[in-house]
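Visitor: I would like to learn how to read a protein model feature by feature. Please show me the structure, and I will ask as we go.

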Amino acid sequence: MDDLTARSACAGLLPLTHGALTLREETFGAVTALATYKGQGADLSGALQTAHGVMLAGPNRATRAEGALCLWSGLDQMLLLGPEPDPELERYGAITDQSDAWAILRLDGVGCVDVLARLVPLDLRERSFAMGHAARSLLGHVPVIVTRLGAQGFLILGYRSMAGTLVADLDTAMSSVSARATG
């Protein structure tokens with residue numbers, strides 16, 4: 001009989017460091033898709049605030065509270081990262097466990113915007129994409145959700161099946177940006 005062992009999406013691939021840049025896998029606990037029922041967005045947001053201290057994220061936004069992050073992921077759709085969802089939320093929206101479906105990467109360091117500029121067709125400079133912004137886009141050819149965590153930090157969510165490609169593309173871009181920075 002085979003011995004099956006649970007592995008993270010980026011097991012054996014991360015962490016990576018190039019100069020001041022680091023890429024590592026983040027763990028948030030549960031990853032839950034939330035889709036509001038018609039006309040129930042405000043009620044779902046209130047229930048989420050009561051249960052987990054975080055409001056629903058509006059379009060292209062992220063909201064954060066102690067131990068919880070809510071990311072906009074599409075029309076009336078969000079991802080809740082962190083807590084197991086309170087069962088009360090099911091009254092106002094469809095709740096689906098997505099914990100094993102996502103690779104969650106964190107890119108930090110001076111030059112991280114330059115790394116992403118090589119791969120993501122969005123203006124991620126702070127004046128255009130500030131803290132609390134989130135967007136669905138592509139990283140290379142891989143669909144992702146990107147959110148800014150700080151002046152020099154981003155969270156990148158991609159499908160688990162594409163984790164190796166995400167890491168390889170980011171590794172190449174990090175290496176190039178780091179090499180330019182050091183001369």
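Visitor: Is D108 buried or exposed?

Guide: Buried means under 20% relative accessible area, exposed means over 50%, and partly exposed lies in between, using a 1.4 Å probe and protein chains only. D108 has a relative accessible area of 13%, so D108 is buried. Before we go on, this is a predicted model: local features need pLDDT of at least 70, side-chain atom pairs count only at pLDDT 80 or more, and totals for chains, interfaces and linings use all residues. Residues are numbered from 1 along each chain as its sequence is written, and side-chain values use heavy atoms, with hydrogens and water left out.

Visitor: Which residue meets the side chain of D108 in a salt bridge?

Guide: A salt bridge is a side-chain nitrogen of Lys or Arg within 4 Å of a carboxyl oxygen of Asp or Glu. For D108 the partner is R106, at 2.8 Å from N to O. Through shared partners, R24, E26, R106 and D108 are joined by salt bridges into one network. Within it, R24 and E26 meet at 3.3 Å, N to O. R24 counts as partly exposed because its relative accessibility is 34%, whereas E26 is buried at 17%.

Visitor: How many salt bridges does the structure hold?

Guide: There are 5. One of them links the side chains of E88 and R91 at 2.6 Å, N to O. Here E88 is partly exposed, with a relative accessible area of 34%, and R91 is exposed, at 55%.

Visitor: Now the sheets. In what order do the 6 strands of the open sheet lie?

Guide: Some terms come before the case. Helices (H or I, at least four residues) and strands (E, at least two) are DSSP runs, numbered from the N terminus. Two strands pair if DSSP finds at least two bridges between them. The order is β1-β2-β8-β11-β10-β9, and the pairing is antiparallel. At the edges are β1 (16–18) and β9 (134–139), each pairing on one side only. Neighbouring strands of this sheet are turned by 25° against each other on average, direction ignored; axes are lines fitted to C-alpha atoms, for helices over the stretch in contact, and angles run from 0 to 180 degrees between N-to-C directions.

Visitor: How many bridges join β10 to β11?

Guide: Strand β10 (residues 142–150) and strand β11 (residues 153–159) are antiparallel and joined by 6 bridges. Contact means heavy atoms within 4.5 Å.

Visitor: What is the strand order in the open sheet of 5 strands?

Guide: That sheet runs β4-β5-β6-β3-β7, with antiparallel pairing. Its edge strands are β4 (62–65) and β7, each with pairing on one side only. From one strand to the next, the twist averages 20°. Helix α1 packs on the sheet, touching β3, β4, β5 (68–74) and β6, and its direction makes about 155° with that of β3.

Visitor: Why is strand β3 described as largely enclosed?

Guide: Count its buried residues: 6 of the 7 residues of β3 (residues 30–36) are buried, so the rest of the structure largely encloses this strand. Antiparallel to β3 runs strand β6 (residues 77–82), joined to it by 6 bridges. In β6, L34 has M78 as its bridge partner, and A33 has L79. With strand β7 (residues 93–97), β3 pairs in the antiparallel sense over 5 bridges; there A35 stands opposite A94.

Visitor: Which residues does H52 touch?

Guide: H52 belongs to helix α1 (residues 41–52) and counts as buried because its relative accessibility is 15%. Leaving out residues up to four places away in sequence, H52 touches A65, A68, L80, P83, E84, P85, D86 and L89.

Visitor: Last, the backbone. Where does a cis peptide bond occur?

Guide: Most residues other than glycine have a negative phi, and most peptide bonds are trans. A cis peptide bond joins L14 and P15, with omega about 15°; P15 lies in the segment before β1. Phi is positive at N60, near 60°, in the loop between α1 and β4. Phi of D76 is also positive, near 55°, and D76 sits in the loop between β5 and β6.
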